[in-house]
Amino acid sequence: MNTNPPTLIVIVGPTGSGKTDLAVEIARRLGTEIISTDSRQFYRGMAIGTAQPEEHHLAAVRHHFVADRLPSADLSAGAYEREALECLEEIFRTHTTAVAVGGSGLYIDALCRGFDDLPSDTSEVRALLMRRLEEEGLDALVEELRTRDEAHWQVVDRNNPARVVRALEVCIVSGRPYSEQRTAPQHQRPFNILKIGLQWPREELYERINRRVDLMMAAGLEAEARALYPLRHLNALQTVGYKELFEWFDGTTSREEAVELIKRNSRRYAKRQMTWFRRDESIHWIERNDLAQAMAVVEKAVEI
RNA sequence: GGUGCGAUGGCCGAGUGGCUAGGCACAGGUCUGCAAAACCUGCUACAGCGGUUCGAUUCCGCUUCGCACCU
């Protein structure tokens, strides 16, 4: 019986970098399963627009957190942390490795590092705050944050409604200042973590992204988006690829413009992802989606 | 050949004798439960050459280029 802790192999990289193919091949070779760290691939009915693993991927390797819930069943990063850890525990019962793949930096951190123990269900208070944001404006909420949590008020991005609202909702629901509860814990995970990052020359990546958008359109993204149109208000649909097509359906833009915007917004998203991953010094970078390089990194860390 | 109009940063586009519009693209960054979200920062250009002026992207002249009209 092997008493070494199991290893979670985490594949990261910007959208369009070829993570899915690489992860499936690695998981297949290791005889293990895949857990997604992509905040938009969780949902059903969004296969084309979020570039979910295809039939042959799903047939080759068992996947978790892919199209396993309705778009109305939001999975927050905190909830994901709990569910994903449970799922991993299950996988590690019978495997010494598991593969995580996806581009959502916050969810990757949730899985690998975890969050402070903050109130989990804040949706009611949030709804209230959102209404106040609209009626009273951001300044009023910033002022309230100052009275509830001066320390956080000092450091928070006061231009960013999302950050201000989040801090306030935690203060209100917990009855304690947000800053007091942020202790940046290093949760010890019962498994080793090996991060592999896919690095592409910018130009090449952008070309791949542009091309992939055209392929999505050819694969039926329009029909998929039309089916999702009634759900457009859901958070899950605040997603590149759908937002832009919805505007076309509304008549605000043309089809051509919408497609160009999808490409542009995908490029921007990729850039933000790269910014996020750049500061993670634990990532082992490989060129493009080179399988040999990836396997070399894996074999060095894992006994096969 | 003549006349008129125009020439603004990668692109679009306003404007002024001194006080560097703005937008988009692009780049850098932030990030503890909406994260494919939300937010921040950067990018100092006025076609070229002379002249007027304390000072010219802005006024004048010439040159080049573009557009329109005339012959």
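Me: What makes a residue buried, exposed or partly exposed?

Reply: A residue is buried if 20 or more other C-beta atoms lie within 10 Å of its own, exposed if 12 or fewer, and partly exposed in between, with C-beta atoms placed from the backbone. A51 has 22 C-beta neighbours inside 10 Å, so A51 counts as buried. A67 has 18 inside 10 Å and therefore counts as partly exposed. This is a predicted model, in which local features need pLDDT of at least 70, side-chain atom pairs count only at pLDDT 80 or more, and totals for chains, interfaces and linings use all residues. Residues are numbered from 1 along each chain as its sequence is written, while chains are lettered from A and ligands numbered from 1 in the order in which they are written.

Me: What is the phi of A51, and what is that of A67?

Reply: Most residues other than glycine have a negative phi. A51, not a glycine, has a positive phi of about 50°, and A67, also not a glycine, has one of about 45°.

Me: Which residues of α8 are buried?

Reply: Helices are DSSP runs (H or I, at least four residues), numbered from the N terminus. In α8 the buried residues are V164, V165, A167, L168, E169, V170 and C171. Just after α8, G175 takes a positive phi of about 75°.

Me: Which residues come nearest to RNA strand B?

Reply: A residue is near a strand if its C-beta atom, placed from the backbone, lies within 6 Å of it. Of the 50 residues around RNA strand B, S39, R40, G78, F115 and A184 come nearest. Helix α13 gives the most to this surface, with ten residues.

Note on methods. Helix = DSSP H or I, 4+ residues; strand = E, 2+ residues; numbered from the N terminus.
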